[in-house]
Amino acid sequence: MKEKIIKTATDMFLKLGFKSVTMDDIACEMCISKKTIYKFFSNKEVLIAEGTEIIHQNIHKIIDEIVAKNFNAIEENFEIRKMFKEMFQSLDTSPLFQLKKHYPEIYQKMMANEIEDCNTVFTQNIIKGIEQGLYRENLDVETYVKFYYTLIFSINETTQKESEALKLELYALEYHTRAIATPKGITELEKQLSTLI
């Protein structure tokens with residue numbers, strides 16, 4: 001029952017907004033009493049915190065699956081972006097924007113986890129791209145990783161509309177790739193961009 005409540009609540013939070021969905025709404029959606037929800041979660045913040053942790057885990061499980069498919073480094077980034085687009089394109093408001101605005105403590109905790117995971121994923125991607133001749137050798141990997149995740153997170157936490165955030169993320173991905181790509185990498189980037197038209 002706990003998992004069902006988290007899943008239903010999280011779906012509702014993402015679609016309708018973390019602020020606007022009440023415990024009554026969740027109980028009504030599930031045809032259960034509010035008391036049942038409070039048996040597992042002392043308040044809405046606890047439910048949001050657990051829900052965002054599960055979203056975080058699911059996203060990184062999917063990223064690991066994409067990485068395991070052994071795409072080249074640039075194609076891998078476009079596949080990860082496609083996954084985010086499919087997950088969030090039906091939403092009106094960016095989930096990160098909402099969390100930061102209404103639940104800053106939960107947002108801060110989630111961002112600490114995200115930065116740690118993104119550091120790993122982005123670092124592995126750049127190293128892989130250098131080995132494949134798609135990214136320039138002698139890059140300061142740590143700095144470029146920091147540039148990229150700072151850009152991505154600032155888009156998501158300051159852009160209210162999810163559709164706008166997704167568009168800006170694509171520009172950020174192109175910007176990031178052009179900054180570190182070799183001529184061979186630019187050719188691969190152009191190929192990936194042409195598939196989006």
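Reply: With 6 residues, α5 gives the most to the lining of the second largest pocket, and this helix is the part described here. The model is predicted, so local features need pLDDT of at least 70 and side-chain atom pairs count only at pLDDT 80 or more, while totals for chains, interfaces and linings use all residues. Residues are numbered from 1 along each chain as its sequence is written, and side-chain values use heavy atoms, leaving out hydrogens and water.

Helix α5 covers residues 73-88; helices here are DSSP runs of H or I with at least four residues, numbered from the N terminus. The second largest pocket is lined by Phe78, Glu79, Arg81, Lys82, Lys85, Glu86, Gln89, Gln192, Thr195 and Leu196. On a 1 Å grid over the protein atoms alone, a pocket is an open set of points with protein on both sides within 12 Å along at least five of seven lines, and lining residues have an atom within 4 Å of a point. By class, this lining has 2 nonpolar, 3 polar and 5 charged residues (Ala, Val, Leu, Ile, Met, Phe, Trp, Tyr, Cys and Pro are nonpolar, Asp, Glu, Lys and Arg charged, and the others, Gly among them, polar). The volume of the second largest pocket is about 150 Å³, meaning the space filled by probe spheres set on the grid points, which are joined across faces, edges and corners.

Next comes the packing against α4. Helix α4, residues 44-68, packs with α5 at an angle of about 145°, and their axes are 10 Å apart. Axes are lines fitted to C-alpha atoms over the stretch in contact, and angles run from 0 to 180 degrees between N-to-C directions. The contact, meaning heavy atoms within 4.5 Å, brings Ile59, Ile62, Ile63, Ile66 and Val67 of α4 to Glu76, Glu79, Ile80, Met83, Phe84, Met87 and Phe88 of α5. It holds 10 nonpolar, no polar and 2 charged residues.

Of its 15 lining residues, Thr10, Asp11, Leu14, Ile55 and Met87 are the closest to the centre. Here α1 gives the most, with 7 residues. The lining divides into 7 nonpolar, 4 polar and 4 charged residues.

Terms used
Helices (H or I, at least four residues) and strands (E, at least two) are DSSP runs, numbered from the N terminus. On a 1 Å grid over the protein atoms alone, a cavity is a set of points where a 1.4 Å probe fits but cannot get out, and a pocket is an open set with protein on both sides within 12 Å along at least five of seven lines; lining residues have an atom within 4 Å of a point.
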